[in-house]
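Q: Could you walk me through this structure, beginning with the terms you rely on?

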Amino acid sequence: MSDGDKQLKVPLPDASFYARQEDMSNLDRLEKLSHDHPVNILVTGGQGCGKSSLVRQFAAFYGRPMATFQVGLLVESGQLFGQQRLKNGDTYYHSFLFPRAIRTAGCVVHLEEINRSETPHALNELFSVLSEDRNIWIDELGLVETAPQVIFFATMNEGEEFSGTDRLDAALRDRFYRVHLDGLPAVVERKVLIQKAGIDEDAAGRLMRVISVLRNNKQMGIKVSIRHSLMMAKLMAQSASLREALIYSLQVSKDTLESLLLTAHVETGEWETDSNGYRPYLA
Ligand SMILES: Nc1ncnc2c1ncn2[C@@H]1O[C@H](COP(=O)(O)OP(=O)(O)OP(=O)(O)O)[C@@H](O)[C@H]1O
Ligand SMILES: [Mg+2]
């Protein structure tokens, strides 16, 4: 299926997605504003903290169609709109999903990794559609006007670990309202693990204890996102021990893990290291 044939769909609701009441109230205000004014919203936060999910759940909640574009992959201007193609020796212009999305009333247009495009040129057209008058002239398409109530959401990683090179151009940042996600409180994240991975309360509690130790230990420099804690919980739901879930998810040495577990005071079971633990893969 080519990009231009993709459907614009309202995303499915996720009953296990949690957000701050305050953020939801503010998003509601912005949704209302979007009925009369152009609204662009920048969602920032560390990796895997729920930025894309928030955009999806916003669209689901308001019954808006949504399309996501990886701005981080763009290398030249014009790439979002379409390209020249060849058919039976003739060239023709193939229009992509982006112009269709911005011409669809009420569409949520999600620009992922807006701070990571390969070259600044790639963002040229975005400046035009994100501005007050919200339209752009594309030679092959004519005047492309953004439909009423379209909301542009941009997401970008902006945690303490991200360097200055990833910072968003000031002129671009100036066009956005902003929502910053800090990650969930441990008790809420525990609920997410239980609901999404299907592990029991006890397993979720033990996992969250280790994760809290990791997150509080800045020296170790291990980032555990919600995505990552879910990955571990899913392994545990497949009967992995806590120790196995940690070893197969985190990039830590066995020694580091041992001292970590000691600090967290959690029982994780033994780790097989002697020859008894080996057998032919295909046996
Ligand atoms: N607040 C939350 N409630 C429930 N699940 C969450 C929450 N935040 C993140 N998740 C889960 O964590 C995973 C990662 O979320 P998501 O892809 O939205 O993060 P992201 O911030 O966009 O990541 P990236 O930085 O890689 O773009 C998803 O499976 C999502 O369902
Ligand atoms: Mg994302």
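A: Contact here means heavy atoms within 4.5 Å, and helices (H or I, at least four residues) and strands (E, at least two) are DSSP runs numbered from the N terminus. This is a predicted model, in which local features need pLDDT of at least 70 and side-chain atom pairs count only at pLDDT 80 or more, while totals for chains, interfaces and linings use all residues. Residues are numbered from 1 along each chain as its sequence is written, chains are lettered from A and ligands numbered from 1 in the order in which they are written, and side-chain values use heavy atoms, with hydrogens and water left out.

Q: What do the buried residues of α1 pack against?
A: They pack against β1 (39–45), α2, β8 (151–157) and β9 (177–181).

Q: And which residues of α1 are buried?
A: Asp23, Leu27, Leu30 and Glu31 are buried in α1, where buried means under 20% relative accessible area, exposed over 50% and partly exposed in between (1.4 Å probe, protein chains only). They cover an arc of only 105° around the axis, which puts them on the same side of α1; the arc is that of the directions from the helix axis to the C-beta atoms. The face turned away from that buried side carries the exposed residues Gln21, Glu22, Arg29 and Lys32.

Q: Switching to the metal, what coordinates the magnesium ion?
A: The magnesium ion (ligand 2) is coordinated by Ser52 (OG) and Glu112 (OE), at 2.1 to 2.3 Å. Ser52 lies in helix α2 (residues 51–62) and Glu112 in strand β5 (residues 108–112), so the pair, 60 residues apart, links distant parts of the chain. Donors are N, O and S atoms within 2.8 Å of the metal (3.2 Å for Na, K and Ca), and water is not among the atoms, so sites may look incomplete.

Q: Are Ser52 and Glu112 buried or exposed?
A: Both Ser52 and Glu112 are buried.

Q: How many residues surround ligand 1?
A: There are 19 residues around ligand 1, the closest being Tyr18, Lys51, Ser53, Asn157 and Lys196, where a residue counts as near if one of its heavy atoms lies within 4 Å. An oxygen atom of ligand 1 is 3.0 Å from a polar backbone atom of Gly48, and an oxygen atom is 3.0 Å from an N or O atom in the side chain of Arg227.

Q: Last one: which residues are buried in α10?
A: In helix α10 (residues 254–264), Leu257, Leu260, Leu261 and Ala264 are buried. Seen down the axis, they fall within an arc of 100°, so they line one face of α10.

Key
Polar contact = N/O pair within 3.5 Å; in protein donor to acceptor, adjacent residues only side chain to side chain.
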